[in-house]
Amino acid sequence: MEETRVVNATWDISTFKFRIEGFGINNMLKKMKEAKLLGNRCHQCGTVYLPANFYCRKCHIAIHEPAEISDHGEVMSYTIGYADVRGNPLDEPRVSLMVKLDGSDTWIMGAGEDMKPEDVHIGMRVKVKWAEQRVGNLQDMESFIPE
Amino acid sequence: MDKKVAIVGFRMKSAPDLVTTRERLTFELTRGLFDDLGIDRTAVDTTIFSTNDFLDGRTISNVFLDGPAGAYMRDESKVEMDGINALMYAVIRILSGQYSTAMVVALGLTGSQVSPYLHVEYQLSPVYDRQMRLLNELSAAAFQARSYLARYGYSEKLLDEVAAQALSNAAANPNQARKIPGASAEQVASSSPYYEPLRELHCYPPTDGGCAMLLASAERAKELTDKPVWVLGMGQSIETFYLGERDLAKSPSTAQAAQRAYEMAGIRDPKAEIDLAEISALFAHQEPLLAEALGLLEEGKAEEAYRSGDTAISGKMPLNPSGGALGGHPISATGIIRTAEAVRQLRGEAGDNQVGKAEVAVVHGQDGPCAQQNAVLVLGI
C-alpha cells in the first residue's frame, strides 16, 4: 500500500452572533452590575433556576417570576486542575467549584480563590467575590472566596 | 422484542494511530465485512453513519464516506451522536418491514488527527459555559467523579481499581488501542494528574478507530450467519445539558433507558439475568456509576464489588470484559464497538476476554458532557 501523509488542514469559523434571552440570562447579567444575582422561579413546581431560564425544564411551561438569589452558598463539587485541556501543565493548580447559592435549586460554576487546594471540600461555605468595576457580564463575578 | 432483528457481522479496528484516512478506514471496514459474509454492497438496504462533523473538520461529513462504504446510489443517512443511536435507528428501519438489512458505520480519528478532549469545549454553551472558561471535558468529568465519590463516601482508590481492571482487560484484547499489560492500581495512581481526582489513566486515551456492523431481519439473518445475536430490547433517555441542573452523582437517564430496554426484553432482575455488560465509561468513575444505574451493581457497594472480583472477567457480573473505553474511545464509534465486543462474548469468540456464561448482555452508549444522553441495548442468543 502507498504511504499516507499528514497535511495541515484548516477550518476557520468566523465569529457567530447569538441572541440571548431577555427574561433569562440577559436580566441576570444586567442585575450583576449591582452585585446582585437574579434567577427565576417556576410558578408550578417551585424550582428556582440560576442561571435564569425562561422556561421550566421539568414542567415545560414559560416562567415569569424573578427570584433574587443570595451571593453566599455551599460547595457541591470541586476539582483542582493541573493541566489544561490540551495537556499543557498549568503554572499553579487551579481550583474550580460548583456552588449551590442559597435560594437556588441549581448550581453555578466559578473559580475558587483564597483557598488552599487541600482545604477545599464538599459542603464548604463560600461567597461571590464581585469585580470592583462591574459592566454586566459574567466576569463581574470574579470568583468564590471562603465565607 | 423477540428475535426480530439480529446482528449478523461486524469489522472493527482501533489504535492510537491507524495511519490511515477516513475514507480508507471506511472502505476497509465495510469491504472486510462484506467479504466475511460473502455479500456485496447491493445486499445492504440502507447505510447509517455515525461520525462527528467537528472532529472530521467538515460539515455533513458523511457525504465523503458513502462511496468508500459502498453506498453509491443507495439509501444512506447519518446520526451525529454516538453510534449506538445509529444502531437503534437501523433496528427501527428493519422493524418497519421496508428493509431486510441495515449497515451501521461509525468512526473517529481522534488519536492521530484531532485532539479528542477539545470537542466538549466547542460543545459548551457559547454565551455561558464557554465564557466562564472553567469547563472542559476533563474538568466536567472531575466534578462528576468528585460528586460520585462523595455520595457514597468512596475512597479515590476505587478509581484506581476500576481503571486497573479495565486496562488489564484491554491489554488482553487485540481490538483495543491502549495496551498496558499487568496494569496495577499503583501504576494508575502515579500517572499524571489532570483534574483532581482524575489522572491520565482514569481517562480515555486519544484513539483512532471505527466499526462497521450489519443487522438483518430474522429471515435474512438465517441466510447470512449461523450465529445471529438478537437485539432483545433498547431504550434511550436524555438529561439537561447544563451540569448545574443535574445530579452528577447518579445517572437517572441511564436508569430510565435501562428500564425501557429491560421491559422490552422481558428482564425483571438484571443482576440475575444479565451475564455481562459493555459500558461506555469514558472515565473510571463512570463505570460503577453507570453500572449502578443499569441495575447491575448495588448502590453504595462498588468498592466491595471491585475488590471481591465480582466485576472481573471471571466474576459474577463482568463489567467491560473487553477493557471498555479506557482501552480506546474513537469518538462516535465507541457504542458500536461496545456492541461488537458483546457480540464476540455471546458468540463465544472473545478469546482471553471470554466470560463463562454469556447468553444475555447489556450494552451502554453515551453522548454529551458527563453522559448527558444514554442508550441501552439488551442482546441475546
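Guide: Helices (H or I, at least four residues) and strands (E, at least two) are DSSP runs numbered from the N terminus, and the expected span of a helix is 1.5 Å times one less than its number of residues. This is a predicted model, in which local features need pLDDT of at least 70 and side-chain atom pairs pLDDT 80 or more, while totals for chains, interfaces and linings use all residues. Residues are numbered from 1 along each chain as its sequence is written, and chains are lettered from A and ligands numbered from 1 in the order in which they are written.

Visitor: What span does helix α7 of chain B reach, and what is expected?

Guide: Helix α7 (residues 157-171) of chain B has 15 residues and reaches 21 Å from its first C-alpha to its last, close to the 21 Å expected.

Visitor: What makes Thr46(B) count as buried?

Guide: A residue is buried if 20 or more other C-beta atoms, placed from the backbone, lie within 10 Å of its own, exposed if 12 or fewer, and partly exposed in between; Thr46(B) has 21 within 10 Å, and is therefore buried. Thr46(B) lies in the loop between α1 (22-37) and β2 (47-50) of chain B.

Visitor: Why is α7(B) called largely enclosed?

Guide: Twelve of its 15 residues are buried, so the rest of the structure largely encloses α7(B); among the buried residues are Leu158(B), Asp160(B) and Asn169(B).

Visitor: Why are α3(B) and α14(B) called roughly perpendicular?

Guide: Their axes, lines fitted to C-alpha atoms over the stretch in contact, with angles from 0 to 180 degrees between N-to-C directions, come within 5 Å and cross at roughly 70 degrees. Angles under 35 degrees count as roughly parallel, over 145 as roughly antiparallel, 65 to 115 as roughly perpendicular and the rest as oblique, so α3(B) and α14(B) are roughly perpendicular.
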